[in-house]
2 protein chains.
Amino acid sequence: MRMTCALLLTAWVASSAVAQTPASFADAASSDPVAMGWMVGAPPPSQRLIRFDDGSFLKFPQLRWSFSHWRELYPTVEVARGDGPVSPLPRSERTDLDAVTFVPLGGTQLMTWEQSLSANYTDGILVMHRGRVVYERYFGALRPEGMHIAHSVTKSFAGTIAAMLVAEGKLDPEAPVSRYLPELEHSGFGDATVRQVLDMTTGIKYSEKYADPDADVWRFARSASLVPRPAGYTGPATAYEFLATVAKEGEHGQAFVYKSPNTEVLGWLIRRVTGQRFEQVLSDRLWRPLGMEHDGYMQVDTSGAPLVSGGLNLRLRDLARFCDMMRQGGRFNGRQVVPAAVVADIAGGASPEDFVKAGYKTLPGWSYHNQWWVSHNDDGAYSARGVYGQACYVDPKAEMSIVRFASFPIATNAHLDPTSLPAYQALADYLKAHEHQAR
Amino acid sequence: MRMTCALLLTAWVASSAVAQTPASFADAASSDPVAMGWMVGAPPPSQRLIRFDDGSFLKFPQLRWSFSHWRELYPTVEVARGDGPVSPLPRSERTDLDAVTFVPLGGTQLMTWEQSLSANYTDGILVMHRGRVVYERYFGALRPEGMHIAHSVTKSFAGTIAAMLVAEGKLDPEAPVSRYLPELEHSGFGDATVRQVLDMTTGIKYSEKYADPDADVWRFARSASLVPRPAGYTGPATAYEFLATVAKEGEHGQAFVYKSPNTEVLGWLIRRVTGQRFEQVLSDRLWRPLGMEHDGYMQVDTSGAPLVSGGLNLRLRDLARFCDMMRQGGRFNGRQVVPAAVVADIAGGASPEDFVKAGYKTLPGWSYHNQWWVSHNDDGAYSARGVYGQACYVDPKAEMSIVRFASFPIATNAHLDPTSLPAYQALADYLKAHEHQAR
């Protein structure tokens, strides 16, 4: 149970700079969830059964099945696309991209783009260039019509919506959280500003000591129903009740520290100022205007609150619509979905000085702003990132966006970055240099 | 907890002939779930919070919200419609139907059709006549784009599919269950025939003594995760494991007795002979060919097995597509979805002599066949029925089908029938007598 919960929490706590020791895991081919026959049979034999209750759904390699079947494990709520037309995703697929090469971070040997996909346990990847799909592949348990947990990529959806509300004057970035959420007045969030929550520079006391069953990560996980509750549980009944118990540690605004409860506060702020359920806001502001091809869904806690820090599930092509909309300055399929100024603000990032203290070795010079990771590189690239390899990567200069779902054995993206970030850059450089080459 | 669970089980056990004492409940208008503000707020105030864990979701009037938000309470699996075109539902709405009158069973005062809707706590109702929508209304928490739990109407979807498999020679109705499911050989189902399971004439030992925590209904509910499990639970881990523990009582084939585990066996049989997940069969055989307008979904147990006896959720208009397809002899939108002979077999019913022993006072002369309730009346009407008022009612002679979602305070349909069945008959007679009258 302890190990199970640690894994689960790792998924939720998201990328940290703390190095994990890479273990020896089966490679992508030999851990293929379809080939392994998870959940096949009526009923599946016990050795092929994946369950929430016993924590098996987050063990490797079982998680390679779970990430494409999240709703079968948790209560969820629909993010409605409505009954409007699906926005087209024009295609100009090319086969030359597989052979693009790069040197992984810290390595010396060349690797091809194609090789990087299995190295990263990719479940699905889609590349758009100049608004057209140039590359799309599915592996493992994912199919084009399937959905995948986005983990912390969810945060960037919330951050984008919050930035829109800021631009509309509905959310004051300099206001203290307690102005909107008096319930948090006496918590560590009370005197933090909305901006500090958005950029994760709050100084909240939030322990991630997995060995301590009373650590905050455990308390949050139990309150949000991310893990089964022990008998006689008397802790916070919901995620929001937990947030009110979070204390302050140090000062706000001093440094970026990635702590997911900030995003739960953000989701709460969005609900409070809009007066709507979060999934309704997501539907009205993104799903419907983007012409998403399928409803998304979010996992919810026992009070019906969606897990804004990591509970969104959607089709890869719909993630591509969102991501390429950002690349196009907020415009998609002839419609301005997000104001250009909001996109520019996100792309501009925050202070790399605040960020460097967090010690992300694979992200030198980056910053975190509005729940997006900003590279400050020559291409002006920025990214939404979720544990186990979920990503939306925007490269404005290359007119390219990449979306990826994955099921890497280890949660932290520090293990994926070496074969991801330079691969994305190589693809960007290649696309800049080579004219379209139709298949 | 006891009361909560009893209510929950009542929902699942479905209509029984045992009379309940009607209590004094708030009427439809004053229990309107939207007006009551259930789950509104960020977070909802405690007195407006509805949860699974504490059983509040199945208390009245909370259940009026829950039935339209089932996926927020349970893990679920999608029943995919695919990406094909939506089949049209031609409309010729008429306003004269509201004034149609009838005398409720056991009553003397006339009631109008319109009055019957609130008397029955209707959430949504749609009438088709000669293949066109002539009447459609939504109340409470349901909207045309929303979904509603179908409860035991689910059984008729399973029964229809099983009857198709019988017609295709893939499922032998005279074979013992154990031929397909050796796991059940030593259970009470082992020597029952597929036909007896389909028509619920098995002689299984299945206690519904709610006061006894070891009663079979409790054991099933815990095994299928319909209720929270107590600490240290060591009973059957899944619904299927429970089925293997069901004993025999008396002889099979002697009488109809409505016991939902029969339908779980049926779902298992369907999975076994098709080699597919149940929701895949439902998608391939009904959702896609019917051109459903939206994916449906089913609640699942911890092994991913859908609750075939009552876990389907769908839009009212999609239930109408299914129901009117039956009315049209298995044909819908120019396509033969279910063989005409299968529909004729279902409509023909089984033995009213076997049925009468069950003592359903509101269903004189009826029978139960292939998981459908058959009236044997002059119109040849038959119906799918789920607790709390869910229904698909087919009247072939009147060329009419009616689908209804409801959230009646009491589970058993014996309380709804008096203001439903004569209302349906009155509408059928009226439609037979009056030419189309456009609004």
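Start with Leu286(A), which sits in helix H11 (residues 278-287) of chain A. In this predicted model, Leu286(A) is buried, because 24 other C-beta atoms lie within 10 Å, and the cut-off for calling a residue buried is 20 or more. What does Leu286(A) touch, once its neighbours within four places in sequence are left aside? The contacts are Phe157(A), Phe322(A) and Val337(A). Ala344(A) makes a handy reference point too: it is 58 residues from Leu286(A) in sequence, and the C-alpha to C-alpha distance between the two is 18 Å.

Now zoom out to the whole of chain A. Its secondary structure comes to 15 helices and 17 strands. The radius of gyration is 20 Å, close to the 22 Å that the globule rule gives for 439 residues, so chain A is as compact as a globular protein of that length. Of the 439 residues in chain A, 57% are buried, Leu286(A) being one of them. As for contacts in chain A with a separation of 6 or more, 68% are between residues 24 or more positions apart.

Which residues point which way from S17(A)? Met400(A), Ile402(A), Arg404(A) and Ala406(A) go one way, while Ser401(A), Val403(A) and Phe405(A) go the other, and all are buried. Note that Arg404(A) is in that buried set.

S17(A) also has strand partners to follow. Strand S4 (residues 122-129) of chain A runs antiparallel to S17(A), joined by seven bridges, and Leu126(A) has Val403(A) as its bridge partner there. Strand S16 (residues 390-395) of chain A pairs with S17(A) as well, again in the antiparallel sense, over five bridges; here Tyr393(A) stands opposite Ile402(A). S16(A) and S17(A) make a hairpin with four residues between them, and in the turn Glu399(A) has a positive phi of about 55°.

Switch to chain B for the sheet as a whole. It is an open sheet of seven strands in the order S5-S4-S17-S16-S15-S14-S13, with antiparallel pairing. Why do S5 (132-138) and S13 (367-369) of chain B count as the edges? Each has a single partner strand, so one side of each is left without a neighbour in the sheet. From one strand to the next, the twist averages 20°.

Further along the order, strand S15 (residues 382-386) of chain B runs antiparallel to strand S16 (residues 390-395) of chain B, with five bridges between them. Gly386(B) stands opposite Gln390(B) in that pair. Tyr388(B) is in the loop between S15 and S16 of chain B, and has a positive phi near 65° although it is a residue other than glycine. Tyr388(B) is buried, with 30 other C-beta atoms within 10 Å.

Met200(B), not a glycine, has a positive phi of about 55°. Met200(B) is in the loop between helix H7 (194-198) and strand S7 (204-205) of chain B, and is buried, with 26 other C-beta atoms within 10 Å. In chain A, a cis peptide bond joins Ala42(A) and Pro43(A), with omega about -5°, and another joins Phe60(A) and Pro61(A), with omega about 5°. Pro43(A) is in the loop between helix H2 (33-36) and helix H3 (63-66) of chain A, and Pro61(A) is in the loop between H2 and H3 as well.

Finally, the two chains meet. In this contact, 29 residues of chain A face 28 residues of chain B. Strand S1 (76-79) and helix H10 (261-274) of chain A each supply at least two residues of the side that touches chain B, and the largest share, three residues, comes from H10(A). By class, that side of chain A has 16 nonpolar, five polar and eight charged residues.

Definitions and conventions: Residues are numbered from 1 along each chain as its sequence is written. Chains are lettered from A and ligands numbered from 1 in the order in which they are written. This is a predicted model: local features need pLDDT of at least 70, side-chain atom pairs count only at pLDDT 80 or more; totals for chains, interfaces and linings use all residues. Two strands pair if DSSP finds at least two bridges between them. Axes are lines fitted to C-alpha atoms, for helices over the stretch in contact, and angles run from 0 to 180 degrees between N-to-C directions. A residue is buried if 20 or more other C-beta atoms lie within 10 Å of its own, exposed if 12 or fewer, and partly exposed in between; C-beta atoms are placed from the backbone. Two residues are in contact if their C-beta atoms, placed from the backbone, lie within 7 Å. Ala, Val, Leu, Ile, Met, Phe, Trp, Tyr, Cys and Pro count as nonpolar, Asp, Glu, Lys and Arg as charged, and the others, Gly among them, as polar. The radius of gyration is taken over C-alpha atoms; the globule rule is 2.2 Å times the number of residues to the power 0.38.
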